[in-house]
Amino acid sequence: MSTPTPRLAYRLNQLVEASGMSLWAVNKAIADGDLKAKRRGRSVIVPAAEAERWIASLEDA
């Protein structure tokens with residue numbers, strides 16, 4: 001059985017699914033500068049380390 005390769009980055013829909021956040025919340029965080037994204041052509045990706053940092057920075061419930 002092979003070990004899964006760790007994810008280096010997420011497309012927005014993948015980040016929404018993995019984090020449980022809404023697409024609106026992810027897009028707003030990017031627009032506000034709270035979440036840094038990269039663009040390659042039409043694709044927008046968020047590095048995994050940046051996604052983890054952003055989620056950790058959210059307020060506790």
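Colleague: Which residues does E50 touch, not counting residues up to four places away in sequence?

Modeller: This is a predicted model, in which local features need pLDDT of at least 70, side-chain atom pairs count only at pLDDT 80 or more, and totals for chains, interfaces and linings use all residues. Residues are numbered from 1 along each chain as its sequence is written, and side-chain values use heavy atoms, with hydrogens and water left out. Contact means heavy atoms within 4.5 Å. With residues up to four places away set aside, E50 touches D34, L35 and K36.

Colleague: Does E50 count as buried or exposed?

Modeller: Buried means under 20% relative accessible area, exposed over 50%, and partly exposed in between (1.4 Å probe, protein chains only). The relative accessibility of E50 is 11%, and therefore E50 counts as buried.

Colleague: In which helix is the place of E50?

Modeller: Helices (H or I, at least four residues) and strands (E, at least two) are DSSP runs, numbered from the N terminus. The protein has 3 helices and 3 strands, following the pattern β-α-α-β-β-α along the sequence. E50 lies within residues 48-57, which form helix α3.

Colleague: What percentage of the residues in the protein is buried?

Modeller: The protein has 61 residues, and its C-alpha trace spans about 40 × 35 × 15 Å along the principal axes. Of these residues, the buried share is 21%.
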